[in-house]
Amino acid sequence: MGLQPYLLLSATVFSIGLFGVMTRRNTIGILLGVELMMNAVNINLVAFSRYTAAASGMIFTVFTICITVTEAALGLAIVILLFRVRRTVMADHLDLLKG
Amino acid sequence: MIGVLTGSALHALIALLLPAFSFLVLAIVAPFRRLGRPAAWFSTTCAAAAFVSALIAWHYGAEQIAKVVWPWLPSGGVTIADVGVLLDAQSSVMLCLVTLVSFLVQFYSLGYLHDEPARSLGRYYAYQSLFAFSMIGLALAPNLLQLFMCWELVGLCSYLLIGYWYQRPSAARAAVKAFWITKAGDVGLLIGIVMLWRLTGTFDLQQLRMLATSGAIPVAGLSIITFAIYMGAMGKSAQFPFHVWLPDAMEGPTPVSALIHAATMVTAGVYLLVRTDWLFALTPNVLTIVAWIGAFTALLAAVLACVQDDIKRVLAYSTVSQLGYMMTAIGAGVAAAGFLHLLTHGLFKALLFLGAGAVIHAVGSNDLPRMGGLARRMPQTALLFIVGTLSLAGIPLFGGFLSKEEILGAVWMGGLPGPFALLLLVAFLTAFYMFRVVFLAFFGTPAPVAAVVHAGHAPAHGTVGQVVSASAEAAADRRSAEREGWSDPARTPPRVAHSHLHNEAVVEGAHVHEVPHAHEPPATMLLPLWVLALMTMAVGVYTTWGGAATAGFFVGGEHAEQAVPPGWLTPVAVGAGLAGILLAWLTYQTRAINASSLAAAFGPIRSAAIRKFWIDDVFETIYGLILLGLARVVGWIDRYIVDGVLNLLSDWTVQAGDELRGIQTGKPQDYVYGVATGVLVLVLLMRLVF
């Protein structure tokens, strides 16, 4: 298999993730979308790594997975705290930064 | 240092630096200054030491020229100007006059200002020291740049001292007026100095003199330069039309008036022209202007002095008049005669002012009609004042005799019959108005107080404008201050504080002013009077005895060149003076001539003179219409155009911000939309455009 199917898969997953981030009202749903986008990136990295036979892409992927995990943990923690303070996790209610 | 530090130069330097030292101590050591009297004594001691030093410098240094300078303003390897002292015949004798008068005035002020609060007394003496330093620096200046610097310092000090009682609005206004009007002349002086520098490349007086006498200075265009320099002298020496500041300068304490009028401020202009007479000699057309303006100023001020009822203002106008005399002599090409009159005038005018101060101190008022019969109560003051008056009238054996003769002779020989006739008339008027003061103040009986109210001030007060006629309201201010009682000592001007308020209260109620408490001034005030009177007499006797040849003793050797004036001159000049005295005697002593009918005979002139010939009004109109009008136009431009543009810009900014804040929804997903759209647009741009 060539590179293209992987890239297509990656782009699809990224788009789904982006769609989720943009449309989900629930903050946890948005976080899930972000995870999807991250994984799309990972797919890209691995595919290019295999394609060019360079190990650095693999190593990068391991790093990214670690960071994604911490990001998910932090994000969930923030959501829980947010829920405690505001009693809601709906993104369109959280507009304190409104100008 | 350039030049040899000879004994005379050293002493001149000491005389210069002692007042500066005194000023610095008083200015920097504030607690000492606030002690008042110790500070006063310190400053007076410094002034006395400076005087002794000046005498030594004169004694040793009158013959040869001593110059000690330090390089100043280095510029690309050459120094543009030096700073230091130049001691020659003129500057050494000027140095003596300045230090003498400033010492005597400071000593006199110890008595005159004894009611002054301590902290402002210290301030007064700090100013006095600075004044003495500036004037000495001016007198000894080796180049025009140092001269100009000291010239400005003198102007500053006169501003500070005229406005010494700055709580009084009229004093503050008079100070500002003096500063502005002299400043107007100073601009001319600065321009003249710089233009002269462009022409010759030097500021140094000796070099300039060498160039001028050897004919190395091109005469073309020099008239503008000398006229510009003369402008500065006009401002400082109160020549028409810049004389208006001087009578208002009477708002300062009387010793200050003595200092300003006798030895420092106003003589600076005459001294400048004396110092640069070789330059003016190259431009006879400017000299003619100088002579005519001088003579006209002399006459104008003499006429004005005749209608004044304030003893200090009479003296002020007489100073203007005498300055006109000096200027006319310079204009006639005999600067030495003007300089001689400057010196003798310095002595007797200081005497007259300090004597007037003693009278004011005793009576508590400046108004002549409130005085009268003072000779019985204060015989010494009266005697000394009369000595000064006779000097001013140019009577033989008194100080002003020879110098006046010299000036009249110089003007006649200089081929200026017009100014000569004016000056002769002025000699008559001078004797008249001065003896009017003498007879009104020291002889006769005190006038009823009703006369006080109508006299002199009433027409001027209220009609003459605000900024320019600080003077007219002075008397009114003082009177209302007395009426209100001003019980707060901090706010009370000392003259009012001293004026025996209970007597004044009686005066306001009753109709006869008895001046019950008038008495001789204390010794600190009487002593300077005696010193000045004796010196005036000594100079007078010496010069009357020795004739014109003795003038060289005072103004240096170059004096002898003058041609001998005709023999009829002396009797005519003295006769004019005596006639003036006679008229005053007939009018104000024996009352053989009714004063009011005399006034009626000169009705139009008199009423014009009371309005100061509308010169103040002209200045006020210039100020009110042109200056204020321009300010109003500029203010409008600033308020509506400059500010308008800025306001518009800021309004737009605020409005745009208001419009744009709708984008900032605060919802995170909207931002994600923004980012995604941005990326999309970027990608499309990369694909399609680049």
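Helices (H or I, at least four residues) and strands (E, at least two) are DSSP runs, numbered from the N terminus. The model described here is predicted, so local features need pLDDT of at least 70 and side-chain atom pairs count only at pLDDT 80 or more, while totals for chains, interfaces and linings use all residues. Residues are numbered from 1 along each chain as its sequence is written, and chains are lettered from A and ligands numbered from 1 in the order in which they are written.

**Confidence and contact between the chains**

For the complex, the predictor gives an ipTM of 0.85 and a pTM of 0.72. Over residues 448-515 of chain B, pLDDT stays under 50. Two residues are in contact if their C-beta atoms, placed from the backbone, lie within 7 Å. The contact between the chains involves 11 residues from chain A and 10 residues from chain B. On the side of chain B that touches chain A, 4 residues are nonpolar (Ala, Val, Leu, Ile, Met, Phe, Trp, Tyr, Cys and Pro), 2 are charged (Asp, Glu, Lys and Arg) and 4 are polar (the others, Gly among them).

**Chain A**

Chain A contains 3 helices and 0 strands. Its radius of gyration, taken over C-alpha atoms, is 16 Å, whereas a compact globule of 99 residues would have one near 13 Å by the rule of 2.2 Å times the number of residues to the power 0.38. The C-alpha trace of chain A spans about 50 × 25 × 25 Å along its principal axes.

**Helix α8 of chain B**

Helix α8 of chain B covers residues 205-213, and B:Leu205, B:Leu208 and B:Ala212 in it are buried, that is, 20 or more other C-beta atoms lie within 10 Å of their own, with C-beta atoms placed from the backbone. These residues lie on the same side of α8(B), because they cover an arc of only 65 degrees around the axis, an arc formed by the directions from the helix axis to the C-beta atoms. An α-helix has 3.6 residues a turn, so residues three or four places apart point the same way. The elements of chain B that cover the buried residues of α8(B) include those tabulated here.

| Element of chain B | Residues |
|---|---|
| β2 | 78-87 |
| α6 | 144-162 |
| α7 | 169-200 |
| α12 | 265-275 |
| α13 | 277-280 |

Just after α8(B), B:Gly215 adopts a positive phi of about 80 degrees.

How values were computed:
pLDDT = per-residue confidence, 0-100. Buried ≥ 20, exposed ≤ 12 C-beta atoms within 10 Å, placed from the backbone.
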